[in-house]
Amino acid sequence: MAQTPAAAPTAAQLDAVKSSVRKLLHQPDYDDGSAGPVLVRLAWHAAGTYCAETNTGGSNGAGMRYEAEGGDPANAGLQHARAFLEPVKAAHPWITYADLWTLAAVTAIEEMGGPAIHWAGDRTDFTDESKVPPRGRLPDGAQGAEHLRFIFYRMGFSDQEIVALSGAHNLGRCHGDRSGFEGKWVNNPTRFSNQYFKLLLANDWKKKTLESGVEQFVFVDEDLAAEGEEEGGEKAAELMMLPTDMSLLSDKAFRPWVERYAQDKDLFFEHFAKVFAKLLELGIKRDANGNVVNEENVEEGYKS
Ligand code: DDH
């Protein structure tokens, strides 16, 4: 069932949505003080279900509003991101959830010091659960390079693009009650940078088994630990990597890209902007004017 087509949004309407998103990023009582990282993960998990062979999944549809996708354990915690955006949807009801979630991510990345990312709208929202992709298409952090290729080749990404996308782990943190993993990748997880790649290469990561039995890799920055203790902080300086992050170091095709992105922030920003834009477009077919061409998995959207 198609939703009623609305008029194409004007640039001023889109700017108003972006401005509302910018205003909600500052969240002093949430995580590291910003809604940004979890908004980025929301867009990534919305898009990262894409399967090129069957042309199913992807950021169109906003299927996470339904239990079948939203209740997937891989999406645990993303209800916070969706809740942060509810007031924006209420203030700008013309925008679809699928467009809002993706636009919020590019707005957040830019606001956190990252590159400007090309974004195009016209996504539609599924009106029932029938087109929600099956669970199990998102990556499992406990695995390695072979798994990364299995997941990301399915979407149509190359080895270079897998490494560039992984640089998003400059942002945010792991939450024991969501994924089982604990901690953040970099010291300033609300600032977009190439620090993740620098740390991967520079530090002596040690395997650590959490009380839950989950295995991850950690590094303790002694200087920062001392500062943390002085300030009464606990484990302030323990940084982490997932087994999948570590596989970028040990795999001979991934590693050269880790090295290049660690050395060259501009190159990383350029490649990240390109690949994140590609991620958000998976499964969305446009004509020469950028308007969405209706296909089986695309319902009718805005009319220009
Ligand atoms: Fe990720 N990610 N991600 N990730 N991710 C987690 C958090 C965040 C994997 C696993 C995890 C990407 C790729 C991978 C972000 C963005 C991106 C967490 C912790 C796990 C686990 C969740 C929690 O406990 O709250 C794995 C595995 C992969 C992979 O195989 C490559 C990509 C491609 C992106 C992207 O945006 C392009 C962000 C941001 C976060 C931080 C979320 C937060 O709440 O903070």
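The ligand sits in the largest pocket, where sitting means that more than half of its atoms lie within 2 Å of the pocket's grid points. A pocket here is an open set of points on a 1 Å grid over the protein atoms alone, with protein on both sides within 12 Å along at least five of seven lines. This is a predicted model, so local features need pLDDT of at least 70 and side-chain atom pairs pLDDT 80 or more, while totals for chains, interfaces and linings use all residues. Residues are numbered from 1 along each chain as its sequence is written, and side-chain values use heavy atoms, leaving out hydrogens and water.

**The iron atom**
- His169 is the only protein donor of the ligand's iron atom, through NE2 at 2.1 Å (donors are N, O and S atoms within 2.8 Å of the metal, or 3.2 Å for Na, K and Ca).
- You will find His169 in the loop between α7 (159-166) and β1 (173-174); helices are DSSP runs of H or I with at least four residues, and strands are E runs of at least two.

**Polar contacts** (pairs of N or O atoms within 3.5 Å)
- His175 and Ser179 each bring a polar side-chain atom to 2.6 Å from an oxygen atom of the ligand.
- The side chain of Trp44 has an N or O atom 3.1 Å from a ligand nitrogen.

**The surrounding shell**
- Around the ligand there are 26 residues, each with a heavy atom within 4 Å of it; among the closest are Leu148 and Arg173.
- α2 gives the largest share of this shell, with 5 residues.
- Both domain 1 (11-138) and domain 2 (145-271) supply at least three shell residues, with bounds from an automatic or database assignment.

Definitions and conventions: Polar contact = N/O pair within 3.5 Å; in protein donor to acceptor, adjacent residues only side chain to side chain. 1 Å grid on protein atoms, 1.4 Å probe; cavity = no way out; pocket = protein on both sides within 12 Å on 5 of 7 lines; lining within 4 Å.
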